[in-house]
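Keep the sequence and the 3D view open while reading.

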Amino acid sequence: MSKLYEDFFDEVMPYLPGCTTALAKVAIRNAVIDFCEGSLILQRDHDPISALEGIIDYEFDPPTGYLVTKIMRAWYKGNELTPKAPDELPSPNLYNIAYPNAVVNKQDPLIITQKDERTFTVYPHPQETATSAITMRVALKPTRASTSIEDVVFEDYAEIIGHGAKYRLMSAPAKPYSSPDGAAASKTFFDEGVNTARQRANRGYVRSDLRVVIPRV
């Protein structure tokens, strides 16, 4: 289920006299996007993707209205892929397979990289076509054209997202609701909320200690 951005109005409109609902909705959507991108809290299992022989570039297929912020973990046929940044990729084949003397190394992929919010790359080139071979856990964020967000974000973080919208709107000059002090305070609350949510995203919803275990000598 999902919540419309208008459902966040109670966290925003009472604090912004003179603000239109249209402006508030845009600010709320932007705050939700920033929150999801910064916290990585909205994680889902991506539908399995089939590998194609010799093909390394693939498109994400997230739910309608969402983009993939980050690949959290990925596997090829049950073997975990090593994440790499695009500038760490070991071969120019990933960018230009047609260059002179190019050697295409075909085997089960070992590496995955995310080039942008819509595409990812595996390497080496798959040696065969394999149905549903690529498994991923991904973090999502809504698109700029979205009208709603999953209700878990609303239930757990509506107040934080309200602060994200308020600091944007209060930062606007010469408005009835302009307030540099209010904007600064809301920005602090929002940033703290993003950090708290990111810790939860990293640790999950189970109890876990972040203590450092010192081995015995």
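## A buried serine, then the fold

Ser 91 counts as buried, at 10% relative accessibility. Buried here means under 20% relative accessible area, exposed means over 50%, and partly exposed lies in between (1.4 Å probe, protein chains only). Ser 91 is found in the loop between strand E6 (82-83) and strand E7 (111-114). Its C-alpha atom is separated by 9.6 Å from that of Ala 102, 11 residues apart along the chain.

The model is predicted: local features need pLDDT of at least 70, side-chain atom pairs count only at pLDDT 80 or more, and totals for chains, interfaces and linings use all residues. Residues are numbered from 1 along each chain as its sequence is written, and side-chain values use heavy atoms, with hydrogens and water left out.

Helices (H or I, at least four residues) and strands (E, at least two) are DSSP runs, numbered from the N terminus.

## The antiparallel sheet

Two strands pair if DSSP finds at least two bridges between them.

| Strands | Sense | Bridges | Partner residues |
|---|---|---|---|
| E2 and E9 (residues 130-142) | antiparallel | 6 bridges | Ile 49 and Ile 134 |
| E4 and E5 | antiparallel | 2 bridges | Tyr 76 and Asn 79 |

E4 and E5 form a hairpin with 2 residues between them. In the turn, Lys 77 has a positive phi of about 50 degrees.

## The mixed sheet

Another open sheet has 4 strands, in the order E3-E8-E7-E6, and its pairing is mixed. E3 and E6 are the edge strands, each pairing on one side only. E6 and E7 run parallel and are joined by 2 bridges. Thr 82 stands opposite Ile 111 in E7.

## Two helices in contact

Helix H2 (residues 151-170) and helix H3 (residues 180-203) have axes that come within 8 Å and cross at roughly 145 degrees. Axes are lines fitted to C-alpha atoms, for helices over the stretch in contact, and angles run from 0 to 180 degrees between N-to-C directions. H2 passes H3 in a left-handed crossing. Left-handed means that the near helix is turned anticlockwise from the far one by less than a right angle.

Contact means heavy atoms within 4.5 Å. On the H2 side, the contact residues include Asp 156, Tyr 157, Ile 160 and His 163. On the H3 side, they include Ser 186, Phe 189, Phe 190 and Arg 200. The residues of this contact divide into 10 nonpolar, 5 polar and 4 charged. Ala, Val, Leu, Ile, Met, Phe, Trp, Tyr, Cys and Pro count as nonpolar, Asp, Glu, Lys and Arg as charged, and the others, Gly among them, as polar.

His 163 lies in H2. Is His 163 buried or exposed? At 11% relative accessibility, His 163 counts as buried. Leaving aside neighbours within four places in sequence, His 163 is in contact with Ser 186, Phe 189 and Phe 190.

## Aromatic pairs

The structure holds 6 aromatic pairs. Rings of Phe, Tyr and Trp (its six-membered ring) pair if their centres lie within 6.5 Å; planes under 30 degrees apart count as stacked, over 60 as edge-to-face and the rest as tilted.

The rings of Phe 35 and Tyr 157 have centres 4.9 Å apart and planes at 45 degrees, so the pair is tilted. Phe 35 lies in H1 and Tyr 157 in H2, so the pair ties together parts that are 122 residues apart in sequence. Phe 35 is buried at 0% relative accessibility. Tyr 157 is buried too, with a relative accessible area of 8%.

The rings of Phe 60 and Phe 120 also make a tilted pair, with centres 5.1 Å apart and planes at 35 degrees. Phe 60 sits in the loop between strand E3 (57-59) and E4, and Phe 120 in strand E8 (residues 119-123), 60 residues apart. Phe 60 is buried at 9% relative accessibility, and Phe 120 is buried at 0%.

Ring pairs also link Phe 35, Tyr 157, Tyr 167 and Phe 190 into a cluster.
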